[in-house]
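Please look over the model shown here before reading on. My notes are set out as numbered points.

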Amino acid sequence: MNNPTAGAAADFADHAATSATTPAGPTAAPAAVGTGSPSQTGLLGRYATSLTGVFGAPSRVLVRGEGVHVWDADGRRYTDFLGGIAVNALGHAHPALVAAVTEQLGTLGHISNLFTSGPQIALAERLLELAVAPEGSTVFFANSGSEANEAALKLARRHGREDPSGRRTRVLALENSFHGRTLGALAMTWKPAYREPFEPLPGGIEFIPAGDAAALEAALDETVAAVILEPVQGESGVHGWPAGYLQAARDLTRRHGALLIFDEVQSGTGRTGTWFAHQNPAVTGEDEPVVPDAMTLAKGLGGGVPIGAMVSFGPQVSALLTAGQHGTTFGGNPVATAAGLAVLDTIAQTGLLQHVHDLGARLARGLGAVAGVTAVRQYGLLIGVDIIVPSGMETPVPDGGLAPAVVRAGLEAGYLLNATGPSTLRLAPPLVLGEEEADRVVADLPSLLEAALQAHRQQHDQEN
């Protein structure tokens with residue numbers, strides 16, 4: 001396996017070494033949490049009376065991070081296998097990211113898009129280079145994945161308006177998709193529990209069966225402005241597509257004059273082991289990249305600093321949005337774009353793409369051998385794990401499902417995990433995760449399953 005720190009600056013090597021050698025377990029006390037700091041219980045109580053309850057009750061108050069570890073307000077340490085939901089590409093407090101943001105904020109923080117800055121221009125150029133975008137391609141910067149997808153929806157509408165027939169008004173999205181929570185992005189998101197409380201949503205958007213090339217072909221005609229899809233669906237539990245499906249989408253949209261938009265908010269910026277998932281043969285089933293007309297990015301691009309982007313491929317698509325037709329106050333600000341440059345530079349300089357490829361495969365092999373694991377879907381360090389009660393454990397599935405119960409058990413054992421459904425865990429750790437942490441979570445998963453079931457048995461006994 002390539003060493004993720006090969007060729008890196010000394011500060012990154014020190015950072016990675018600290019992350020790899022810190023003792024395991026949830027009880028190590030961080031230096032930043034001293035006597036007299038607010039307790040977790042007290043902070044959670046204050047949260048409940050001051051924050052809008054859209055996220056439910058947080059499970060922990062986190063106060064510090066370093067590498068692939070975080071600490072809560074009571075000094076308990078956790079290994080982070082969620083990465084802020086695929087955001088913290090370089091882990092926590094990475095020296096390159098801290099230095100870039102600190103230097104930029106100390107020089108020039110915010111200017112609005114009535115002006116531009118060196119980092120904004122440089123990051124746009126870098127993204128176009130990494131995407132191998134043709135001449136005439138452009139980048140629009142936003143602040144989040146939802147905002148990037150809102151821009152993509154407006155791009156689709158503008159493309160439809162260019163058709164003199166006036167009939168190109170439909171946008172196709174996939175079942176089980178997730179594109180964001182703002183109204184336009186939500187309208188392209190499948191999950192009824194997210195959508196229904198806010199209907200009526202923007203119209204003209206239709207859902208078709210995911211991964212079904214025949215269904216896509218049947219739905220596509222000259223009334224479709226765009227097809228939007230995730231090369232890997234993350235929110236649904238990390239699901240990819242049959243080999244050739246993305247290329248079929250490319251061929252069909254081109255044939256009917258529709259845009260093909262890839263939502264790479266979660267799968268981009270090295271997450272699958274290539275810069276973007278549409279360049280990854282393990283995702284596309286093709287030797288060559290499947291190139292979209294537009295691509296949206298966010299999450300890992302800023303490494304924890306809010307940023308979003310829409311990359312438009314080629315001059316024709318890039319010309320669809322003109323001056324005054326879209327905008328943002330904070331998007332592309334000097335601090336966020338300096339952060340994006342630091343993330344991309346570090347990934348390139350430290351060999352992280354190969355590391356993600358190799359370590360993801362190692363994790364998948366280990367997880368697949370654990371009793372109770374029925375499926376592992378792995379694209380780099382974006383991994384979905386389906387679990388059941390292991391054979392021989394005569395215990396009913398906990399209320400709400402086994403996966404959420406394992407997440408709770410993981411917290412007690414010093415892990416940040418995520419469940420996307422009753423029986424599916426999603427792992428999206430920092431790209432700087434080491435072999436030691438990867439092997440440890442594989443070794444500990446059987447005990448986490450047992451702890452989850454034991455907690456359920458104890459609760460059942462108490463209630464009866």
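This is a predicted model: local features need pLDDT of at least 70, side-chain atom pairs count only at pLDDT 80 or more; totals for chains, interfaces and linings use all residues.

1. Residues are numbered from 1 along each chain as its sequence is written, and side-chain values use heavy atoms, with hydrogens and water left out.

2. An unreviewed UniProt entry gives the feature "binding site" at Arg181 and Thr328. UniProt positions are in the numbering used here, feature names are shortened, and annotations may be inferred rather than shown by experiment. From this set, Arg181 belongs to the lining of the largest pocket. A pocket is an open set of points on a 1 Å grid over the protein atoms alone, where a 1.4 Å probe fits, with protein on both sides within 12 Å along at least five of seven lines; lining residues have an atom within 4 Å of a point.

3. Where is Arg181 placed? Arg181 sits in the loop between β5 (170-174) and α7 (183-187). Helices (H or I, at least four residues) and strands (E, at least two) are DSSP runs, numbered from the N terminus. Arg181 has a relative accessible area of 54% and is therefore exposed (over 50%, 1.4 Å probe, protein chains only). Leaving out residues up to four places away in sequence, Arg181 touches Ser146, Leu186 and Tyr194 (contact: heavy atoms within 4.5 Å).

4. Thr328 lies in the loop between α12 (315-318) and α13 (334-349). With residues up to four places away in sequence not counted, Thr328 touches Asn113, Phe140, Phe141, Asn143 and Glu147. The side chains of Thr328 and Asn143 make a polar contact (3.4 Å); such a contact is a pair of N or O atoms within 3.5 Å, and within protein one must be able to donate a hydrogen and the other to accept it, with residues adjacent in sequence counting only if both atoms are side-chain atoms.

5. An open sheet of seven strands has the order β4-β10-β9-β8-β7-β5-β6, with mixed pairing. Its edge strands, β4 (138-142) and β6 (205-208), each pair on one side only. Two strands pair if DSSP finds at least two bridges between them. β5 and β6 run parallel and are joined by four bridges; Leu174 has Ile208 in β6 as its bridge partner.

6. β14 (residues 418-421) and β15 (residues 424-427) pair in the antiparallel sense over three bridges. These strands, β14 and β15, form a hairpin with two residues between them. Asn418 stands opposite Arg426 in β15.

Definitions and conventions. Buried means under 20% relative accessible area, exposed over 50%, partly exposed in between (1.4 Å probe, protein chains only).
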